[in-house]
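Here are some notes on the model, point by point. Please keep the structure open while reading.

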Amino acid sequence: MEPMLEKYSTITVDDLLLDDFFIQSHSVPTPDSIAFWQQLMQQHPAQVATVSEAQSILQHLHAYNTPVAPPAGAAERGWTNLKAIAEKEHLFETTSPVQQPATIVPLFKKAWFKIAAAAVVVVGSFFAYQAVNKPALPSLVTTGYGKQQKLFLPDSSLVVLNGNSSIKFSKQWGNNETREVWIEGEAFLQVKHLAKNAVAANNGERFVVHLRNLDVEVLGTSFNVKSRKKTEEVMLQEGSVQLTANALDGTVKMEPGDVIVFDADSRKMLRKKSEPHTMNGWTTNQLHFDSTPLTEVVSMLEETYGLKITIANPTLLSRSISGDVTATNEDILLQAIEVMLDAKVARHNSEVIIK
Amino acid sequence: MSDPTKVEERGWWEAFKQGDQQALHELYTRYFDRLYSYGYRLCNQRDLLEDIVQEFFLKLMRTRQNLATPDSVQAYMFHGFRMLLIDKLAQQNRRLSKENAEWIPFDMGEMHDRMADKELDRERTAKLKKALDQLTDRQREAIFLRYFEELPYPEIANMLQLSQKAAYKLIGRAMAVLKDSATMLVMIFLPILLFIIQKAVG
């Protein structure tokens with residue numbers, strides 16, 4: 001601060017009025033800037049008059065910062081028009097990931113047409129759904145069953161929340177504060193890289209995701225976290241993260257492709273491998289199953305979409321499914337399961353019976 | 001670290017470029033009123049203004065895949081909107097030039113009601129108003145952009161097609177006029193004040 005104080009110790013009113021730091025301190029005072037100007041005036045009493053004169057001029061000038069309100073409803077009217085034009089001219093559709101042809105790699109070939117056709121219908125409604133679900137940036141964002149939401153954190157890191165999930169974070173992140181978020185449910189994160197050197201990371205470069213029992217420390221990375229009833233799961237797509245479990249000593253370092261599952265009952269961590277590119281498939285509605293036990297698929301459906309699923313045929317319990325499904329809602333998934341397992345799926349509201 | 005709003009808005013901008021309509025809506029909500037308010041000072045035809053703000057966002061939507069990501073989304077918005085507005089006004093009157101926008105008025109507007117009874121010196125605000133009226137339209141506009149929208153000098157220079165040095169000077173001279181108008185008052189009263197103090201001490 002000393003060289004700064006030196007610079008301002010002889011400044012004139014004219015120069016002060018043009019000074020970036022002074023203008024900024026006037027409109028958005030921070031504890032630091034207030035302390036600075038106080039210190040300046042204490043150490044250089046001759047500047048008291050200068051600073052207060054410049055302050056007074058800006059204050060009086062701001063009396064003319066009168067916003068002119070647009071006519072009532074103008075913004076809403078405008079947006080409705082814009083949306084209509086965008087739809088007519090397909091302005092938001094060409095590069096969207098969900099516009100790629102909906103595909104399923106089936107176990108049974110006859111399934112292909114049925115599922116793809118169903119997927120195409122729903123893809124069209126995806127943007128309609130997006131448009132009404134405008135994201136705000138409160139410190140708590142929650143998604144309902146079967147809804148996804150994309151949001152940016154204050155450092156412009158990207159988060160995609162899966163259905164029935166929530167994220168909590170403070171609205172403003174200071175320069176030297178550790179970036180912290182708390183997640184329940186499932187989310188995919190793409191963290192903005194700040195640290196050049198992992199070892200020398202200072203507070204402002206740290207990014208920590210808190211699950212119920214696990215803390216994930218991140219250094220510029222893409223990864224998926226899932227914190228459901230009994231298990232917490234972290235999948236690393238790229239970069240590196242370090243895990244700490246509240247109940248356990250020591251840390252676990254993860255490599256791309258690693259999946260770590262923490263079981264809350266046994267308090268044990270399990271390491272698996274997975275294809276990195278499939279981890280965030282759900283964010284674009286592409287689900288990847290690779291010998292995934294039906295029981296696991298069922299709990300995913302229950303947690304993400306709020307379904308109550310009963311498997312009525314016990315022989316199905318030992319079955320697993322493989323394949324890629326493009327599904328923008330749970331019905332497509334249920335149909336995929338039906339076809340892949342050659343089973344009957346009946347749904348009444350949120351109750352589903354597989355037999 | 002850079003300004004969090006700036007970083008956040010770049011995030012929305014990037015998402016919009018990649019085809020996220022809600023991201024554009026976020027920016028639209030943030031900028032509709034501000035652009036309208038700025039535009040009103042350049043052109044007080046309300047209907048036309050409403051159309052121009054809308055058209056500006058339509059242009060963004062139509063060209064989204066060719067857009068660059070600016071360092072400051074705010075500066076990009078104000079600059080792009082201003083160019084479109086000048087275009088439209090020049091179309092209305094063909095004698096006016098699109099390249100040199102010196103002919104565009106800039107009306108600072110009336111005093112804020114909410115501010116009127118704050119701890120402001122009424123006399124000083126009135127003097128300031130007179131001084132603002134003496135300034136050129138570009139000086140008023142530059143003051144608006146620098147002190148109310150808080151755009152940095154390089155961005156203002158860019159918008160007003162000036163060199164950075166010239167933009168800084170433009171604002172410097174304007175502020176000097178405002179300052180002098182205000183200190184005139186002090187200069188008249190200072191001798192009287194000194195006289196009274198002298199009397200009191202003596």
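1. Start with a strand pair. β13(A) and strand β16 (residues 351–354) of chain A pair in the parallel sense, over 4 bridges. Strands pair here if DSSP finds at least two bridges between them. Helices (H or I, at least four residues) and strands (E, at least two) are DSSP runs, numbered from the N terminus. Within this pair, Ile309(A) has Val352(A) of β16(A) as its bridge partner.

2. Provenance and numbering. This is a predicted model, in which local features need pLDDT of at least 70 and side-chain atom pairs count only at pLDDT 80 or more, while totals for chains, interfaces and linings use all residues. Residues are numbered from 1 along each chain as its sequence is written, and chains are lettered from A and ligands numbered from 1 in the order in which they are written.

3. The sheet around that pair. Three strands of chain A form an open sheet, ordered β13-β16-β15, with mixed pairing. β13 (308–311) and β15 (345–348) of chain A are the edge strands, each with a single partner, so one side of each has no neighbour in the sheet. From one strand to the next, the twist averages 15°. Helix α9 (residues 330–341) of chain A lies across β15 and β16 of chain A and runs at about 155° to β15(A). Axes are lines fitted to C-alpha atoms, for helices over the stretch in contact, and angles run from 0 to 180 degrees between N-to-C directions.

4. The nonpolar cores. The largest has 93 residues, and Ala187(A) and Val234(A) have the most contacts inside it. A nonpolar core is a set of buried Ala, Val, Leu, Ile, Met, Phe, Trp, Tyr and Cys residues joined through C-beta atoms within 7 Å. Buried is set at 20 or more other C-beta atoms within 10 Å of the residue's own, exposed at 12 or fewer, and partly exposed in between, with C-beta atoms placed from the backbone. Helix α2 (residues 21–42) of chain B supplies the largest share of this core, 9 residues. Another core, of 18 residues, lies apart from it and includes Phe289(A), Leu294(A), Ile309(A) and Leu333(A).

5. What does Val234(A) touch, not counting residues up to four places away in sequence? The list is Leu214(A), Val216(A), Phe223(A), Val225(A), Leu243(A), Met254(A) and Ile260(A). Contact means C-beta atoms, placed from the backbone, within 7 Å.

6. The contact between the chains. Chain B gives 51 residues and chain A gives 46 residues. On the side of chain B that touches chain A, α2(B) gives the most, with 10 residues. The residues of that side divide into 27 nonpolar, 13 polar and 11 charged. The classes: Ala, Val, Leu, Ile, Met, Phe, Trp, Tyr, Cys and Pro are nonpolar, Asp, Glu, Lys and Arg charged, and the others, Gly among them, polar.

7. The axes of α6(A) and α3(B) come within 10 Å and cross at roughly 35°. The residues in contact include Gly78(A), Leu82(A) and Ile85(A) of α6(A), and Val53(B), Phe57(B) and Met61(B) of α3(B). By class, this contact has 8 nonpolar, 3 polar and 1 charged.

8. Chain B itself. Its secondary structure comes to 9 helices and 0 strands. Of its 202 residues, 36% count as buried. Residues 24 or more positions apart account for 63% of the chain B contacts with a separation of 6 or more.

9. A helix pair within chain A. Helix α4 (residues 31–43) and α5(A) have axes that come within 8 Å and cross at roughly 145°. Trp37(A), Leu40(A) and Met41(A) of α4(A) meet Gln47(A), Val48(A) and Val51(A) of α5(A). Ala49(A) also sits in helix α5 (residues 47–61) of chain A. Ala49(A) counts as exposed because it has 11 C-beta neighbours inside 10 Å.

10. Phi of His90(A) is near 55°, a positive value in a residue other than glycine. Phi of Asn164(A) is near 55°, again positive in a residue other than glycine. Asn164(A) is buried, with 20 other C-beta atoms within 10 Å.

Technical notes:
Contact = placed C-beta atoms within 7 Å.
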